[in-house]
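User: Could you walk me through this structure? Start with the charged pairs, please.

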Amino acid sequence: EIHPVILVFEPEGVAPGELRLAYPYWEHRDPVTFAVTGSYADPSADVGEGLVEHGWGHGLGEIVNALIEAGLRIDSLVEHPFLAWGLGFLTEEPNGPSRLPDGTAGELPLMFSLRASKPLA
């Protein structure tokens, strides 16, 4: 899954490695609202005019705690320095994942893998 920490950065109209803080990380009451252009599968797809998307972010702690509160056991949580698709501030590898460009100061987790199970007893 996409790591919630990178959802705080503006993904459009930025250069690779340009990390422009634009959105909240912590739980927030009001949604973040975007005009819809294309789809996740085809950014250039004609989806019509005037569509708006509303979303609420969830921090990693909120995600993990929701699973624990649902009675699941967290078996593993791994953060990854790559993303399976592109974003404006990442560079896409040929036939591979996207990453922060070489020379970017610092590092960020871009995806995470979480495995949970329901105890039998």
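Analyst: Glu93 and Arg99 form a salt bridge, with N to O at 2.6 Å. The term means a side-chain nitrogen of Lys or Arg within 4 Å of a carboxyl oxygen of Asp or Glu. This is a predicted model, where local features need pLDDT of at least 70, side-chain atom pairs count only at pLDDT 80 or more, and totals for chains, interfaces and linings use all residues. Residues are numbered from 1 along each chain as its sequence is written, and side-chain values use heavy atoms, leaving out hydrogens and water.

User: Are Glu93 and Arg99 buried, exposed or partly exposed?

Analyst: Glu93 is partly exposed at 34% relative accessible area. Arg99 is partly exposed too, at 28%. Buried is under 20%, exposed is over 50%, and partly exposed is in between (1.4 Å probe, protein chains only).

User: How many salt bridges does the structure hold?

Analyst: Four. One of them joins Arg73 and Asp75 at 2.8 Å, N to O. Arg73 is partly exposed at 46%, and Asp75 is partly exposed at 30%. Another joins Asp30 and Arg29 at 3.6 Å, N to O. Arg29 is exposed, with 75% relative accessible area.

User: Where does Asn95 lie?

Analyst: In the loop between strand E4 (91–92) and strand E5 (98–99). Strands (E, at least two residues) and helices (H or I, at least four) are DSSP runs, numbered from the N terminus. Asn95 is exposed, at 87% relative accessibility.

User: And Ser98, buried or exposed?

Analyst: Buried, with a relative accessible area of 1%. Ser98 is found in strand E5.

User: What does the Ser98 side chain reach?

Analyst: The backbone oxygen of Trp85, at 3.1 Å. Leaving out residues up to four places away in sequence, Ser98 also touches others, including Pro81, Phe82, Leu90 and Leu110. Contact means heavy atoms within 4.5 Å.

User: Now the hydrophobics. Which residues make up the largest nonpolar core?

Analyst: There are 12, among them Ile2, Val14, Phe89, Leu100 and Met111. Such a core is a set of buried Ala, Val, Leu, Ile, Met, Phe, Trp, Tyr and Cys residues joined through side-chain atoms within 4.5 Å.

User: Which residues is Leu100 in contact with?

Analyst: Setting aside neighbours within four places in sequence, they are Leu19, Phe89, Leu90, Thr91, Glu107, Leu108 and Leu110. Phe89, Leu90, Leu108 and Leu110 are also listed in that core.

Definitions and conventions
Polar contact = N/O pair within 3.5 Å; in protein donor to acceptor, adjacent residues only side chain to side chain.
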